[in-house]
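Open the model in your viewer and keep the selection tool at hand. The tour goes from one selection to the next.

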Amino acid sequence: MKRLTVPRIRARKKDGVTEQPLVMLTAYTARQAQLLDAHCDMLLVGDSLGQVIYGLPSTIPVTLEMMANHGAAVVRGSYHSVVVVDMPFGSYESSPEQAFESAAYLLKQTGAAAVKLEGGEAMAPTVEFLNSRGIPVMGHVGLTPQAVNVLGGYMARGRSDAEADKIVTDAVALEKAGAFAIVIEGVVEPIAIAATEAVSCPTIGIGASARCDGQVLVTEDMLGMFERVPRFVKKYDDIAGMIEKTVATYAEEVRDRSFPSDEQTYQPKS
Ligand code: KIV
Ligand code: NA
């Protein structure tokens, strides 16, 4: 299987219609990428790795180096999906030039095909700058976790008319600037639909609407690995429960000396 490309992802939405929704999940490690790759169109190396991998309180402290290291691992572990790497807080907001330097570093270090950045209209010139210089950009509007200190929390967006208008305006500005796809996160359904209908590029929903052109979730959340998850996460499994059960069995067998058994033990040739 040849790796999908950004233009092929973009072309999945034709004349406002996406026949088969785009499938995206987060991945942070090579093995995780291997397991997800064949089932996905895109793998997102999300800055959610701050909380999920590093136990940080938000995505604010995540660094370019963290994104580069995990991005490289995910590219090494995949051969089919388009790999998109999140630009971390502080690496792109001050100018298009700063964003280009950071994004070029990420693509060079990882081999990923595209970056994602948060923000709407204010980021449109940056999206244009990167795209016209060879770096495809995925946008991200609505609940943008890097803005938690401005938003005051992680609640759903688009409940007031002003907020709703801004989400649609932001999405349109990003697509005009050349974003190849746009994540819509934590947005009330009618506004997610309005934004999806307003842009010609695919929208990828998370806590948004089944009418988006694709869906993304944090893999650990949907696998049931992470303790606290937002309401919009469907837990497809209880991997945390499986790990706990398995580790309890291991601990018991070590303590009662039934592991290792003869099968796992080397003996000199007789
Ligand atoms: O960092 C992340 O995982 C994300 C997705 C949830 C969209 O940005
Ligand atoms: Na993110």
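Start with the lining of the second largest pocket, whose residues divide into nine nonpolar, six polar and seven charged. Keep in mind that this is a predicted model. The space in this second largest pocket comes to about 440 Å³. Its lining has 22 residues, and those closest to the pocket centre are G119, G120, T144, A147 and K166. Next, colour β7 (137-142), α7 (148-151) and α8 (161-176), the elements that give two or more residues to this lining. With four residues, α8 gives the most.

Now move to the largest pocket, which holds about 1,000 Å³ of space. Select L143, E185, D221, P230 and F232: of the 40 residues that line the largest pocket, these lie nearest its centre. Then show α3 (49-52), β8 (181-185) and β10 (214-217), each of which supplies at least two residues of the lining. By type, the lining of the largest pocket divides into 21 nonpolar, eight polar and 11 charged residues.

What sits in the largest pocket? Select ligand 1, which is found there. Around ligand 1 are T26, L44, G46, D47, S48, D86, K116, H140, V183, I206 and V218. This shell divides into four nonpolar, four polar and three charged residues.

S48 has a polar side-chain atom 2.6 Å from an oxygen atom of ligand 1. For D47, a polar side-chain atom lies 3.1 Å from an oxygen atom of the ligand, and for D86 the distance to a ligand oxygen atom is 3.1 Å. Taken alone, ligand 1 exposes 260 Å², of which the protein buries 95%.

How values were computed. Residues are numbered from 1 along each chain as its sequence is written. Chains are lettered from A and ligands numbered from 1 in the order in which they are written. This is a predicted model: local features need pLDDT of at least 70, side-chain atom pairs count only at pLDDT 80 or more; totals for chains, interfaces and linings use all residues. Side-chain values use heavy atoms; hydrogens and water are left out. A residue is near a molecule or strand if one of its heavy atoms lies within 4 Å of it. A polar contact is a pair of N or O atoms within 3.5 Å; within protein, one must be able to donate a hydrogen and the other to accept it, and residues adjacent in sequence count only if both atoms are side-chain atoms. Accessible areas come from the Shrake-Rupley method with a 1.4 Å probe; for residues, only the protein chains shown count as cover. On a 1 Å grid over the protein atoms alone, a cavity is a set of points where a 1.4 Å probe fits but cannot get out, and a pocket is an open set with protein on both sides within 12 Å along at least five of seven lines; lining residues have an atom within 4 Å of a point. A molecule sits in a cavity or pocket if more than half of its atoms lie within 2 Å of its grid points. Ala, Val, Leu, Ile, Met, Phe, Trp, Tyr, Cys and Pro count as nonpolar, Asp, Glu, Lys and Arg as charged, and the others, Gly among them, as polar. Grid points are joined across faces, edges and corners, and a volume is the space filled by probe spheres set on the points.
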